[in-house]
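I opened this notebook to keep track of what I looked up, one topic at a time.

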Amino acid sequence: MRAVAQSSPTLNKRVPHNPLPADFLLSRQGHMNPIDIVIIGAGPSGLACAIEAKKHGLSSLTIDQGSVADAIRRFPINMTFFSTPELLEIGGVPFLSSGFRPTRVECVCYYQMVAKHLDLPLKQQTLVTGLRKVTEGFEVSTKDSSFLARNVVLATGYFDTPNRFDVPGCDLPKVQRYYTEPYSYVGRDVAVVGGKNSAVETALDLFRAGARVTLIHRGGKLSDGVKYWILPDIENRVKAGEVRGLFETTVRNIKPGSIVVEGQHNEEILNEAVFVMIGYQPDAKLLKQLGVNIDDSSLAPIHDSSSMQTNVAGVYVAGSLAAGKYNNKVFIENGRMHGKSIVESVLRSR
Ligand SMILES: Cc1cc2nc3c(=O)[nH]c(=O)nc-3n(C[C@H](O)[C@H](O)[C@H](O)COP(=O)(O)OP(=O)(O)OC[C@H]3O[C@@H](n4cnc5c(N)ncnc54)[C@H](O)[C@@H]3O)c2cc1C
């Protein structure tokens, strides 16, 4: 056994993964070669853009605050995608899943494998903190370094900024804006706020694990957008009283051991955890630093949908960020197409 291990190159050698070309770094003393495209965000849309750049001989660097597909990595651990795998593929790399629809784990592994297989230049665990127009293009700043880019693509998604929920007690530790798993809530009183897919899926997952669930929704019924194979499930659970559904009802106050609701139902309910599943919206901070115009009502960066270029030449948006608060309009299936339009535009502008 030992002989095999010692002679195996894969076991004994540490192969550097996607080493960063040294001349990509904008050193503190001065700058080197500009990168053709710096992509912020290594989600499916950012990766698809990096793949297109590589295909056309453009240099690129994709920077992510976490790992590849980091937003998806943070989704509920037991979740299954609604898309079938071929609709999530990028770079022509086949995506096979064990079931009809892929799981979160399969999806994260697929995107990480594609990035590695195609040897995409990446800088992970690096938050982009600033963007600035300079003579040669754009300066992309992180905590420790800067990069010089001829073009910048923002593919930062929306998952980092939960929609506002300003209710007294909303800062209590039991109030959560992300749902990962149900197992610590078994036998406990929990509330889920919201009426769309994520609220319904969270309520069902908690119920199935054995939590006592109250679903609180300000609307009179659940959203028409709830997946067709989930809607009858939650409706039947509510009808049977297995999940308590409070409709046309809002949360007025959250206390350490209870919540107060008002509307169709006015009462104080025993409660140990509140999952506020009312969606997320993109952060426009980096875009604004470059002077990109944001549409006031949709919060979408104003851009040309055929090239994905914003009002600032050389600044592009990709993926769900492009849709602003209507992020259910751009998802992986269509956001993965943006890279092609962007790279075509970059090539035209050279
Ligand atoms: C529960 C759930 C189920 C879903 N199911 C499906 C489905 O079945 N099919 C489908 O097509 N879509 C689905 N979606 C939507 C889909 O996940 C998103 O549309 C998709 O992830 C968006 O891809 P993206 O590349 O635009 O952004 P993201 O995947 O959100 O990636 C953005 C990346 O940017 C990084 N980032 C953000 N800010 C910075 C910064 N300042 N510096 C560095 N990095 C940064 C983040 O870490 C992240 O990795 C689902 C979403 C949810 C929440």
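The entries below follow the order in which I looked things up.

**Ground rules.** I noted that this is a predicted model, in which local features need pLDDT of at least 70, side-chain atom pairs count only at pLDDT 80 or more, and totals for chains, interfaces and linings use all residues. I count residues from 1 along each chain as its sequence is written.

**Domains.** I looked up the domain assignment, whose bounds come from an automatic or database source, and found domain 1 (22-161 + 280-349) and domain 2 (175-276). I read 33 Å between the centres of domain 1 and domain 2, taken over C-alpha atoms. Their contact takes six residues from domain 1 and seven residues from domain 2, where contact means that C-beta atoms, placed from the backbone, lie within 7 Å.

**The five-stranded sheet.** I then turned to an open sheet with the order β8-β15-β9-β10-β11 and parallel pairing; strands are DSSP runs of E with at least two residues, helices are runs of H or I with at least four, and both are numbered from the N terminus. Two strands pair if DSSP finds at least two bridges between them. The edge strands are β8 (175-176) and β11 (244-247), each of which pairs on one side only.

I followed β10 (residues 212-217) to its parallel partner β11, which it meets over four bridges. Along this pair T214 stands opposite R244, and H217 stands opposite F247. I also recorded that β10, helix α7 (residues 231-239) and β11 make a right-handed β-α-β unit, meaning that, with the strands pointing away from the viewer, the path from the first strand over the helix to the second runs clockwise.

Helix α6 (residues 197-209) lies across β9 (189-193), β10 and β15 (273-276), and runs at about 165° to β9; such angles go from 0 to 180 degrees between N-to-C directions of axes fitted to C-alpha atoms, for helices over the stretch in contact.

**The three-stranded sheet.** I next looked up an open sheet with the order β12-β13-β14 and antiparallel pairing. Its edge strands are β12 (249-255) and β14 (267-270), and the twist averages 30° from one strand to the next. Strand β13 (residues 258-263) pairs with β14 over four bridges, and V261 has E267 in β14 as its bridge partner.

**The ligand.** Last, I checked the ligand and found 34 residues surrounding it, the closest being G41, G43, G157, G319 and I332.

Terms used. Two residues are in contact if their C-beta atoms, placed from the backbone, lie within 7 Å. A residue is near a molecule or strand if its C-beta atom, placed from the backbone, lies within 6 Å of it.
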